[in-house]
Amino acid sequence: MSAVDQGAPGAERTLGQLVAAATAEMSALVHDEIALAKVEIKQDVKRAGIGSGAAIAAGVLLLFSLPVLSFAAAYGIHNLGLGLAWSFLIVGVAFWLIAGLVGLLAVAKFKKIKPPVKTMDSVKQTAALVGTVKPHPRPVSDQAVGVARSSS
């Protein structure tokens, strides 16, 4: 029920009361939206933290498995009849080739990075708009003139 329904029959709120009520309700709505955003962001940050921890653990395990897999590949090539030194050399060169390909991919992605053109254009437009706005003329009183003269 609204305040009008609760009051005496025929009683209506004044414009000031309506504005005050609308302002209070708008303020409450904004505060509720901010609280909801905080809860959602907190949940997302928690999920991101758990996901980051899991990704780091997976990376560490992957890193620890590389020497074992390298030795396994080298000894596997050695069992095919090639010398042990050649087997390790082949595995090392394979890692170099993979690193080179990943490096080329990184360079290609870095070359595609461009400055935020849309943002810079928007800032320039805003600055141009703000630059055209002139302040309202203010009446100069005798005291203000005296202060301005004494400070120069």
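The model is a predicted one, so local features need pLDDT of at least 70 and side-chain atom pairs count only at pLDDT 80 or more, while totals for chains, interfaces and linings use all residues. Residues are numbered from 1 along each chain as its sequence is written, and side-chain values use heavy atoms, with hydrogens and water left out.

Back to the rings. Phe, Tyr and Trp rings (the six-membered one for Trp) pair if their centres lie within 6.5 Å, with planes under 30 degrees apart called stacked, over 60 edge-to-face and the rest tilted. By that rule there are 3 aromatic pairs in the model. One of them joins F71 and F88, where the ring centres sit 5.3 Å apart and the planes meet at 75°, so the pair is edge-to-face. F71 belongs to helix α2 and F88 to helix α3 (residues 84–111), so this pair ties together parts that are 17 residues apart in sequence. Another is Y75 with F88, also edge-to-face, at 5.8 Å centre to centre and 85° between the planes. Here Y75 is in helix α2 and F88 in helix α3, so the parts tied together are 13 residues apart in sequence.

How covered are these rings? Buried is taken as under 20% relative accessible area, exposed as over 50% and partly exposed as in between, using a 1.4 Å probe and protein chains only. F71 comes out partly exposed at 44% relative accessibility. F88 is partly exposed at 30%, and Y75 is partly exposed as well, at 40%.

Zooming out, the protein has 5 helices and 0 strands, running α-α-α-α-α from the N terminus on. Of the 152 residues, 3% count as buried. The protein exposes about 13400 Å², and carbon and sulfur atoms supply 71% of that; areas come from the Shrake-Rupley method with a 1.4 Å probe, and for residues only the protein chains shown count as cover.

Helix α2 has 65 residues and reaches 93 Å from its first C-alpha to its last, close to the 96 Å expected at 1.5 Å a residue. The expected span is 1.5 Å times one less than the number of residues. There is a bend of about 30° at L66, and a proline, P67, follows within four residues; the bend is the angle between axes fitted to the seven residues ending at a position and the seven starting there. Just after α2, G81 takes a positive phi of about 115°.

A21, S70 and A74 are buried in α2, and what covers the buried residues of this helix includes α3. S70 has a relative accessible area of 14%. Leaving out residues up to four places away in sequence, S70 touches V91 and F95, where contact means heavy atoms within 4.5 Å. Over in helix α3, S87 is buried at 0% relative accessibility.

The structure holds 1 salt bridge, defined as a side-chain nitrogen of Lys or Arg within 4 Å of a carboxyl oxygen of Asp or Glu. Side chains of opposite charge can pair when their charged atoms come close. The partners here are D44 and R47, with the closest N and O atoms 3.2 Å apart. Both sit in helix α2 (residues 15–79), 3 residues apart, so about one helical turn separates them. An α-helix has 3.6 residues a turn, so residues three or four places apart point the same way. D44 is partly exposed at 45% relative accessibility, whereas R47 is exposed at 55%.

The number of buried residues among the 16 of α4 is 0, so the helix lies largely in the open.

Definitions and conventions: Helices (H or I, at least four residues) and strands (E, at least two) are DSSP runs, numbered from the N terminus.
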